[in-house]
Every structure is written in C-alpha cells, then in structure tokens.
Amino acid sequence: MSRAVEQSNRRMLRARDAMDRAYAQPLDIPTLARITHVSEAHFIRTFRATFGETPHRYLQRRRVERAMFLLRQTDRSVTQICFDVGFASLGTFSRTFRAIVGESPTEHRRRGRIPPAPSCFAMSWTRPSSFGEAPRGRG
C-alpha cells in the first residue's frame, strides 16, 4: 500500500471515528470533509471507496444500531429514542429503521431484552446488515 493511500485511509478513519463518537449530533458533509482536509465531493467518493457506503448511509446505520440497543434495553419511548440517536423526524426514523432492520422499531422492541452474553456476541447478533439487505416478507 502506498503512503498516499495509507494517509487517505487514516483521514477517512478519523472522519468515521468522529461519526461514531457524535452520531446523535447533527453532522454534515462540510464538517466531515474539514476533518479529512479534502473537498466535500472527494470526501464522499473516498469514504465510499474505503468503507463501501456513503457517509450518510454509514451515519444512519450507526444511529439505527444504537436505537436497536436502546429499544431492547430501555423503557424509553420510540419517539424519545428517535431523537436521542440523532433523527429529527419520527417518520424518517421509522422508515430508515425498517429499511435497515426489516421490521418496525415497535416490532423490534417486542423481541425483548438481549440475553446475557459477551458484548461482542450480542453486537454480532443484533448488527443490521445494510440498506436494502433486510429480509423480505416481514411486515
């Protein structure tokens, strides 16, 4: 791997780490591009080439992963969880959640608490695949 590719990958990792840390806050492409010291268009292209999905899709998936945990481990309302993880609209949250997970937030909550297990297993069991890959025929 060339030095330039390695530096580019490190910059993209910095942006992804910022998204992981601040997933519930409003994040925009100009802010993330500044973190990586590249233009907005170059950031989007490079992020997608590096991680296989756009920054927007990654951030939404990250937010839904957190919501999945909160739905099954807390008694907070779906609306409160929607806002806690960074969505501005319950409709957008529900539609995005269904697209990623394959079921509504309420249906997901009905599954009950996650059984005691090492966190690496629990995360693996509950991690959504990606957009458009949720099982068909549910709901």
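In this predicted model, the side chain of Arg63 reaches the backbone oxygen of Tyr23 at 2.5 Å, a polar contact being a pair of N or O atoms within 3.5 Å, where within protein one atom must be able to donate a hydrogen and the other to accept it, and where residues adjacent in sequence count only if both atoms are side-chain atoms. The side chain of Arg63 also reaches the backbone oxygen of Gly86, at 3.5 Å. Arg63 is placed in helix 4, residues 55–73, with helices (H or I, at least four residues) and strands (E, at least two) taken as DSSP runs and numbered from the N terminus. Although buried, Arg63 has no salt bridge, and the nearest side chain of opposite charge, that of Asp28, is 10.0 Å away. Here buried denotes under 20% relative accessible area, exposed over 50%, and partly exposed the range in between, with a 1.4 Å probe and protein chains only; a salt bridge is a side-chain nitrogen of Lys or Arg within 4 Å of a carboxyl oxygen of Asp or Glu; and for charge, Lys and Arg count as positive and Asp and Glu as negative, while His and the chain ends are not counted. When residues up to four places away in sequence are not counted, Arg63 touches Tyr23, Ala24, Gln25, Pro26, Leu27, Val85, Gly86 and Phe87, contact meaning heavy atoms within 4.5 Å.

Residues are numbered from 1 along each chain as its sequence is written. Because the model is predicted, local features need pLDDT of at least 70 and side-chain atom pairs count only at pLDDT 80 or more, whereas totals for chains, interfaces and linings use all residues, and side-chain values use heavy atoms, with hydrogens and water left out.

Gln25, one of the residues touched by Arg63, is placed in the loop between helix 1 and helix 2 and is partly exposed, with a relative accessible area of 48%. The C-alpha atoms of Gln25 and Phe83 are separated by 9.8 Å, with the two residues 58 apart along the chain.

Side chains of opposite charge can pair when their charged atoms come close. The structure holds seven salt bridges, among them one between Glu103 and Arg111, whose closest N and O atoms are 2.8 Å apart. Glu103 lies in the loop between helix 6 (90–101) and helix 7 (105–110) and counts as buried because its relative accessible area is 7%, whereas Arg111, at 42% relative accessibility, counts as partly exposed. The side chain of Glu103 is also joined to that of His108, by a polar contact of 3.0 Å. In another salt bridge the side chains of Arg10 and Glu6 meet at 2.7 Å, N to O; both residues lie in helix 1 (residues 3–21), four residues apart, or about one turn of the helix, and Glu6 is partly exposed at a relative accessible area of 33%. The side chains of Arg76 and Asp84 likewise meet in a salt bridge of 2.7 Å, N to O, with Arg76 partly exposed at 35% and Asp84 partly exposed at 27%. Glu53, Arg61 and Glu65 are linked in a network of salt bridges.

Most residues other than glycine have a negative phi. His37 is placed in the loop between helix 2 (29–36) and helix 3 (40–51) and is exposed, with a relative accessible area of 65%.

The secondary structure of the protein chain as a whole comes to eight helices and zero strands. Of its 139 residues, 36% count as buried, and among contacts between residues at least 6 apart in sequence, 63% join residues at least 24 apart. The chain exposes about 8,300 Å², of which carbon and sulfur atoms supply 52%; accessible areas come from the Shrake-Rupley method with a 1.4 Å probe, and for residues only the protein chains shown count as cover.
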